[in-house]
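Subject: Structure for your records

Hello,

Here is the structure I promised to pass on. My notes on it follow below.

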Amino acid sequence: MKIESIALREIHMRLKSPFETSFGVVQDRRILLVEAIGDGINGWGEVTAGESPAYNAETTDTAWHVISDFIAPLLIGKNLAAASEFPKLVNQIRGHEMAKSGVENALWDMEAKLRGVALYKLLGGAVDEIAAGVSLGIRENPESLVKRVGEELQSGYQRVKLKIKPGKDVEFVAAVRKEFPTIRLSVDANSAYTLDDAVQLQKLDEFNLLMMEQPLSWDDIYGHSKLQAQVRTAICLDECIYNTNHALAAIEMKACRIINIKLGRVGGHTEARKMQAACLRRHVPVWCGGMLESGIGRAHNIAMSTLPGFTLPGDVSASHRYWNEDIIEPAVEVTAKGTIRVPSTPGLGYAIKRDYIEEITVRRNNWTARSAVN
Ligand code: OSB
Ligand code: MG
């Protein structure tokens, strides 16, 4: 797989409605797309960094910098036997998992197309349909949240996750649980609590939640082990886990009983597969998290969710929940039973709407291998 050309671009997309988490509100997304070309084949990846360093340390702009000044110059002109060789190539670059993931995943799409197989098959996925869930932003009041949950359930979604923060937690969860006593329900605090809040978090135990996601600090695995000993609800780690070693430390420390795998946060498909396999061996369920992705990131999430071990519904939902117009065709849709069918054509399996992408591109950077120019 000769990497003859790399194109990095920033696109602007507006979410249909603002999404509020404990760390802020977002509506206007600044998304980086990576297109890698070689051997007459192209592949697409998406950088899932946020606009500000509030979820993790990366941003759209740090990823632009790291890809432009470090990753692309290393990769251009290289001949890789497989996309899984990419992490070794960029090993000298510390951190910046989301920047790396955007590039690596483009190579996975490219490799799958070169081999003429669907990406999910190349990854080792064994199912052609995945379970879909939704993540609901923080709301003004419990009534409007309950109404929204009802609408999502109507669409078939198999699990509902509620964003919470101090002051907007127990009352909201109680209202939803009262209206929907048997649904699969979870909460996500995005690091909004401290160990001093253990008594408050214990109150969530009565609602039979599937999990509470990342209640404590984004980098504190040890703190979560202290909390997990004090709550009955399974803790799921998101922000804390950016490689397989972190996952193993968390499992050994009993800091969580479930792990959320996000391609961007862990640096791409290669590390995600490794983590998935390590968790499967230890009987720790995993699921695919979301980062308000465009269709390209979503398509990668769908492919990853087919791997064994992804036994819980992910935050992978229909395109139209996020965007008036997605950048892939067909848009991602959810069946009445709350599943997403996995496309079987080579690569990501969706058509890329290049004209629309051009329209919403605000800046670009291109690299071409020297031999390709001559
Ligand atoms: O913690 O899972 C999270 C969105 C942005 C940043 C962090 C998170 C989220 C979500 C949205 O929960 C999931 C989605 O893409 O629908
Ligand atoms: Mg989360």
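How far is an oxygen atom of ligand 1 from an N or O atom in the side chain of Lys 262? The distance is 2.9 Å. Please keep in mind that this is a predicted model, and that the values here are computed from it.

Lys 163 has a polar side-chain atom 3.0 Å from an oxygen atom of ligand 1. Leu 292 takes part through its backbone, where a polar atom is 2.9 Å from an oxygen atom of the ligand. On its own, ligand 1 has 390 Å² of accessible area, and the protein covers 97% of that.

The surroundings of the ligand are as follows. Ligand 1 has 16 residues around it, and the closest are Ser 135, Asn 190, Lys 262, Leu 292 and Tyr 322. By type, the shell holds seven charged, six nonpolar and three polar residues. The space that ligand 1 takes up is the largest pocket.

On the domains: the assignment for the chain gives domain 1, made up of 3-116 + 354-368, and domain 2, which is 122-341. Which domains supply the shell around ligand 1? Domain 1 and domain 2 each contribute at least three residues to it. The C-alpha centres of the two domains are 23 Å apart. Where the domains meet, 36 residues of domain 1 are in contact with 40 residues of domain 2.

Regards

Key. Residues are numbered from 1 along each chain as its sequence is written. Chains are lettered from A and ligands numbered from 1 in the order in which they are written. This is a predicted model: local features need pLDDT of at least 70, side-chain atom pairs count only at pLDDT 80 or more; totals for chains, interfaces and linings use all residues. Side-chain values use heavy atoms; hydrogens and water are left out. A residue is near a molecule or strand if one of its heavy atoms lies within 4 Å of it. A polar contact is a pair of N or O atoms within 3.5 Å; within protein, one must be able to donate a hydrogen and the other to accept it, and residues adjacent in sequence count only if both atoms are side-chain atoms. Accessible areas come from the Shrake-Rupley method with a 1.4 Å probe; for residues, only the protein chains shown count as cover. On a 1 Å grid over the protein atoms alone, a cavity is a set of points where a 1.4 Å probe fits but cannot get out, and a pocket is an open set with protein on both sides within 12 Å along at least five of seven lines; lining residues have an atom within 4 Å of a point. A molecule sits in a cavity or pocket if more than half of its atoms lie within 2 Å of its grid points. Ala, Val, Leu, Ile, Met, Phe, Trp, Tyr, Cys and Pro count as nonpolar, Asp, Glu, Lys and Arg as charged, and the others, Gly among them, as polar. Domain bounds come from an automatic or database domain assignment. Contact means heavy atoms within 4.5 Å.
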